[in-house]
Structure formats: structure tokens, C-alpha cells
Amino acid sequence: MKVIGITGGVGAGKSALLAYISEKYNCRVILADEVAHRVKEPGQPAYGRLSELLSTDILKEDGSIDNGRMAAKIFGSRELLEKVNEIIHPAVKEILLEEIAQARQRGTPDFLFIEAALLIECGYAGLVDELWYIYAREEVRRARLQKGRHYTEEKINAIMDSQLPEEEFRKHCQVAIDNSGSLKEAFLQIDEKLGEYL
């Protein structure tokens, strides 16, 4: 079983390519964002520490963490954001390691894909056998975000400015899939690459 990390900038089309991979290949896809939500649930590793750090006013009536309140509390404080990340990322990493170990033990899927926008920054690269960079030209990504997600120019700029530049992604990733054109073209690149392993 090969463990492949999928990363790339906002609007590069990671979700569309992962949907194709899930459908066509004997694989499992884990989204790090979903794991991050899981670790914040009551009874999970990060829950107590987050409510301690940010106080119980980030909690909803049912005791779960209100993501909006949590974001508002962190907003504008780099120090708080770092502390929150120090709680969440190790907890996410632990779950990912468990999932990988279990999948290796079962040996069932040919591939295990882990998708995370911050795969490189959060040190998840060490968990995978290979890193894939899903790339799309900046103007293509901007157009997708405006049309598909109705993001404003300001919002797109803010997100893009907070992400790694292209050369950093390329430096850390072993494979680059160009998703600037049609999905069909990107699918061909994926088939070619995964075909080498099967």
C-alpha cells in the first residue's frame, strides 16, 4: 500500500481530482480537515485543551465547540492561533498515523490518500511515502474561486497570501499534477502516475 499526500493552493481542484481517484481506484481518502473537526468533538483529544485555552464561551449549548465563536476568538491573534495549532495538529497527526497503521495492517487498499492544504507546513509530509502537488495557474484558480465559491477579490488575495508559494510546493513534492486545463487532462496525468505503481 502506498500512502500519498495531496496538497496544493486554494482553487487548484484537489476535491475534484480526489473524487475521480476515489471512484476509479482501490483506495481510501482521508481529508485532514475532517480529522481536525473530529479531534475537537467532546471526549476527543483536543476538546478539553481548546475549551481551557479559549474559555467555555466557545461552546454551544450542547457542549460542542462552535467553530464560528472559536474563529472569532482567534481572529487577529497570531499567538492564540499558534497555540490552537499546537493543540490540533499533533492530535490530527496521531489519528492519521493510526489510520495509516490500520490500513497497512489490513493491506486492503492499493493507495491511501491524505489531503491537507497545510500538509507541508504542519509536518505531515513525514507520514506519507510521496507528496503530490495539485497545481493550477493563478488566474485559473482565481476564476474558479470567484465563480464556484463566490469569493471576493479581497478574500482570494488573503487566502493566497497565507499559503505557500508555488516554488515551495514544488520543492517538497515528488509529483506535480497540472490541473490548469480540463479535468480530463488532469485525470490522464493521475492515471499515468498511479499506473506505474499497479
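**Entry one.** I looked up helix 6 (residues 138-148) and helix 7 (residues 153-162), and their axes come within 10 Å and cross at roughly 130°. Helix 6 and helix 7 are therefore oblique to each other (under 35 degrees is roughly parallel, over 145 roughly antiparallel, 65 to 115 roughly perpendicular, the rest oblique). I noted Glu138, Arg141, Arg142, Leu145 and Gln146 of helix 6 in contact with Glu153, Ile156, Asn157 and Met160 of helix 7 (contact means heavy atoms within 4.5 Å). The residues of this contact of helix 6 with helix 7 divide into three nonpolar, two polar and four charged.

**A note on the model.** I am reading a predicted model, where local features need pLDDT of at least 70 and side-chain atom pairs count only at pLDDT 80 or more, while totals for chains, interfaces and linings use all residues. Residues are numbered from 1 along each chain as its sequence is written, and side-chain values use heavy atoms, with hydrogens and water left out.

**Entry two.** Next I checked helix 1 (residues 14-24) and helix 9 (residues 183-197), which pack at an angle of about 50° with their axes 11 Å apart. That makes helix 1 oblique to helix 9. Here Ala16, Leu17, Tyr20, Ile21 and Lys24 in helix 1 meet Leu183, Ala186, Phe187, Ile190 and Asp191 in helix 9. I sorted the residues of this contact into eight nonpolar, no polar and two charged.

Is Val35 buried or exposed? I found Val35 in helix 2 (residues 32-38), and Val35 is buried, with a relative accessible area of 1% (buried means under 20%, exposed over 50%, partly exposed in between, with a 1.4 Å probe and protein chains only). Leaving out residues up to four places away in sequence, Val35 touches Ile30, Val92, Ile95 and Leu96.

Conventions:
Helices (H or I, at least four residues) and strands (E, at least two) are DSSP runs, numbered from the N terminus. Axes are lines fitted to C-alpha atoms, for helices over the stretch in contact, and angles run from 0 to 180 degrees between N-to-C directions. Ala, Val, Leu, Ile, Met, Phe, Trp, Tyr, Cys and Pro count as nonpolar, Asp, Glu, Lys and Arg as charged, and the others, Gly among them, as polar.
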